[in-house]
Amino acid sequence: MQEDKKIKVLFLSAWYPSKKDPMLGLFVERHARAVSIYCDVCVLYILPVKRRKNKKPSIEIKQEGNFTEIILYYPALLCEIPVLGTLYKTYKFMLAYKKGFREVKKHFGRYDIIHVNILTRTGFIAYLKNLFHGVPYIITEHWSRYLPGANAYHRTLRKIITRRVVRHASAVTTVTAELRKAMLKHKLKNKNYLIVPNVVDTDMFKPVEKPASSIKTFIHVSCFEDKSKNISGLLTTIKSLSEKRTDFICRLIGEGIDKTALEKYAENLGLKNKFVVFEGLKEGAELVQYFQNADFLVLFSNYETMSVVILEAFACGLPVVSTDVGGIHEVVYDTRGILIMKGDRHELELALIDMLDNSAQFNKHELRKLAVENYSTPKVGRAFYNIYKKALNK
């Protein structure tokens with residue numbers, strides 16, 4: 001590979017922001033944009049949707065400098081016949097990708113390497129491109145499905161295909177060492193495993209001076225899926241805390257399948273709009289303001305890979321209270337926050353009390369420096385660029 005030749009990278013991902021869900025796979029888009037600092041990037045995202053009258057795929061194409069997005073919506077199959085349904089869904093999926101690759105050729109041209117995000121189907125597509133056309137590919141895995149607490153990695157055929165796809169990749173990156181360890185336990189072997197973290201826009205997420213207040217504010221930011229995020233456990237703990245002190249408010253930021261039920265639960269506990277405020281989905285500068293106006297971040301998850309909101313909190317100089325799940329212990333420890341046991345509400349309450357009293361003792365400048373030096377867009381983009389160069393030079 002010539003040093004002066006700009007690498008052209010095709011991103012394939014099982015998750016990516018779209019009209020259907022603007023938050024799904026946001027961390028993949030951030031990786032792709034980080035890479036676009038150094039490479040020409042095209043993202044191809046294939047998304048099944050409910051059957052439309054014309055039964056034809058629709059395509060959204062956005063081009064911004066050297067960054068191209070191609071999102072192809074294709075009609076989902078309603079057939080529930082076990083074997084036949086699966087085969088036909090696979091057929092429709094492959095047809096959609098065939099059309100997607102034609103659009104890539106038309107709007108982006110030839111690519112040097114494929115960057116797969118989130119296995120298994122996208123990885124299998126890249127494997128076929130490697131097998132028949134010699135295009136190298138790397139894999140980035142973010143998903144918590146491999147972690148013991150998630151218990152979501154099943155099906156023999158999936159495991160066989162995933163092992164082959166992982167083995168033949170030029171490199172496999174995970175966002176934490178804990179996720180790498182979990183994948184290896186599932187026999188997903190590759191000679192070149194690397195850790196590349198999630199991205200934080202440190203130009204946007206940054207600390208500001210805020211006036212002192214007798215009321216402390218802590219925030220929770222998530223997708224409001226209670227099985228993994230355990231927001232109900234957080235609310236129960238806040239109820240107990242509110243019976244001991246009243247000098248705080250918790251702002252819950254996000255949308256998701258359990259939001260309505262959780263709002264009802266908070267109302268029943270007498271917390272809503274008193275000690276707890278549901279702020280809804282916030283993005284961009286509006287989201288940053290919530291971080292900047294807070295004293296600390298709290299997560300009470302049952303399982304995580306690595307929550308990007310922790311890194312965003314660090315970028316804003318905020319310490320963190322979090323459960324010790326997934327790879328969170330790799331970045332949260334005594335100088336950066338408080339780690340607690342999963343599901344332990346008593347320990348969470350003690351941590352909240354400690355943080356309400358002592359959050360100002362954490363060095364916000366050191367937290368900020370950590371984010372800039374390890375999770376900023378240029379740092380992560382450069383890490384992937386170096387991986388591409390090695391793969392292509394082979």
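Author: The model is predicted, so local features need pLDDT of at least 70 and side-chain atom pairs count only at pLDDT 80 or more, while totals for chains, interfaces and linings use all residues. Residues are numbered from 1 along each chain as its sequence is written, and side-chain values use heavy atoms, with hydrogens and water left out.

Reader: Why is the pair of Phe93 and Tyr97 called edge-to-face?

Author: Rings of Phe, Tyr and Trp (its six-membered ring) pair if their centres lie within 6.5 Å; planes under 30 degrees apart count as stacked, over 60 as edge-to-face and the rest as tilted. The centres of Phe93 and Tyr97 are 5.0 Å apart and their planes stand at 70°, so the pair is edge-to-face. It is one of 16 aromatic pairs in the structure. Both residues lie in helix α2 (residues 82-107), four residues apart, about one turn of the helix; helices (H or I, at least four residues) and strands (E, at least two) are DSSP runs, numbered from the N terminus. Phe93, Tyr97, Phe101 and Tyr111 form one aromatic cluster.

Reader: What makes Phe93 and Tyr97 count as buried?

Author: Buried means under 20% relative accessible area, exposed over 50%, partly exposed in between (1.4 Å probe, protein chains only). Phe93 has 7% and Tyr97 has 2%, so both count as buried.

Reader: Why is the pair of Phe124 and Tyr127 called stacked?

Author: Their planes are at 25° and the ring centres are 6.4 Å apart, so both values meet the cut-offs for a stacked pair. Phe124 and Tyr127 are three residues apart in helix α3 (residues 121-133), about one helical turn. Phe124 is partly exposed at 30%, whereas Tyr127 is buried at 8%.

Reader: How do you know that the charged end of Arg33 sits over the ring of Phe67?

Author: A charge sits over a ring if NZ of Lys or CZ of Arg is within 6 Å of the ring centre and within 35 degrees of the ring normal. The charged end of Arg33 is 4.0 Å from the centre of the Phe67 ring. Lys8 lies over the face of Phe108, at 4.4 Å from the ring centre.

Reader: What makes β13 and β14 a pair of strands?

Author: Two strands pair if DSSP finds at least two bridges between them. Strand β13 (residues 320-323) and strand β14 (residues 337-340) have four bridges and run parallel, so they pair. Ile340 in β14 is the bridge partner of Thr323. On both faces β13 is covered, with Val320 and Ser322 buried on one side and Val321 and Thr323 on the other.

Reader: How do you know that Cys42 is in no disulfide?

Author: A disulfide is a pair of cysteine sulfur atoms within 2.5 Å. The structure holds zero disulfides. For Cys42 the nearest cysteine sulfur, that of Cys39, is 13 Å away, so Cys42 is in no disulfide. Cys42 is buried, at 0%. Cys223 is also in no disulfide, with the sulfur of Cys250 nearest at 16 Å; Cys223 is partly exposed, at 41%.

Reader: Why is Arg245 called buried?

Author: Its relative accessible area is 16%, so Arg245 counts as buried. Arg245 lies in the loop between α7 (231-242) and β10 (248-253).
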